[in-house]
Amino acid sequence: MDKIKLYDELVNVERQLETMLYQVKEMKPVLDDLIEENLNLKLENQHLHDKLDKLEKQEVAEDGRQELSKSRLNLEKLYEQGFHVCKDFYGSRRENQEECVFCSSMIYGK
Ligand SMILES: [Zn+2]
């Protein structure tokens, strides 16, 4: 390689390096933006997940309450038809529609 050619080659490499440096400088703020956006999306995603979990738990709790009140309604119906719904006398007739505190606590208790 003669000296002139070497010099040209060097100038060429220098230009390429300058171009690359310029490109790197251009890419940096874009990458910064992407990192920030990614972080924000992660946070938002976590936030939405938490919200969804909360909603699902709430729904389960509401279902539980509805089930409970439904079964209490059934007990109440049975009781009004003249049957015990308490543990000790479940299914037996209430003589003369007598009141039963155990039945009442089963239906209305807690
Ligand atoms: Zn009873």
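**Helix packing and loop geometry in the predicted model**

Glutamine 97 is partly exposed, with a relative accessible area of 45%. In this predicted model, glutamine 97 lies in the loop that joins H1 and H2. Its backbone adopts a positive phi of about 55°, although the residue is not a glycine. Asparagine 96 is likewise placed in the loop between H1 and H2 and is also a non-glycine residue with a positive phi, here of about 50°. Asparagine 96 has a relative accessibility of 78% and therefore counts as exposed, the cut-off for that class being over 50%.

Two packed helices are described by the angle between their axes and the distance between the axes. Helix H1 spans residues 3-80 and helix H2 spans residues 101-108; their axes come within 8 Å and cross at roughly 150°. Because angles over 145 degrees count as roughly antiparallel, H1 and H2 are assigned to that class. On the H1 side, the contact is formed by Arg72, Leu75, Glu76 and Tyr79, while H2 contributes Cys103, Ser104, Met106, Ile107 and Tyr108. By residue class, this contact comprises six nonpolar residues, one polar residue and two charged residues.

An unreviewed UniProt entry annotates residues 31-81 as a "coiled-coil region". In the model, the chain over residues 31-81 is 98% helix and 0% strand. The C-alpha atoms at the ends of this segment are 74 Å apart.

Technical notes. Residues are numbered from 1 along each chain as its sequence is written. This is a predicted model: local features need pLDDT of at least 70, side-chain atom pairs count only at pLDDT 80 or more; totals for chains, interfaces and linings use all residues. Side-chain values use heavy atoms; hydrogens and water are left out. Axes are lines fitted to C-alpha atoms, for helices over the stretch in contact, and angles run from 0 to 180 degrees between N-to-C directions. Helices (H or I, at least four residues) and strands (E, at least two) are DSSP runs, numbered from the N terminus. Angles under 35 degrees count as roughly parallel, over 145 as roughly antiparallel, 65 to 115 as roughly perpendicular and the rest as oblique. Contact means heavy atoms within 4.5 Å. Ala, Val, Leu, Ile, Met, Phe, Trp, Tyr, Cys and Pro count as nonpolar, Asp, Glu, Lys and Arg as charged, and the others, Gly among them, as polar. UniProt positions are given in the numbering used here, feature names are shortened, and annotations may be inferred rather than shown by experiment. Buried means under 20% relative accessible area, exposed over 50%, partly exposed in between (1.4 Å probe, protein chains only).
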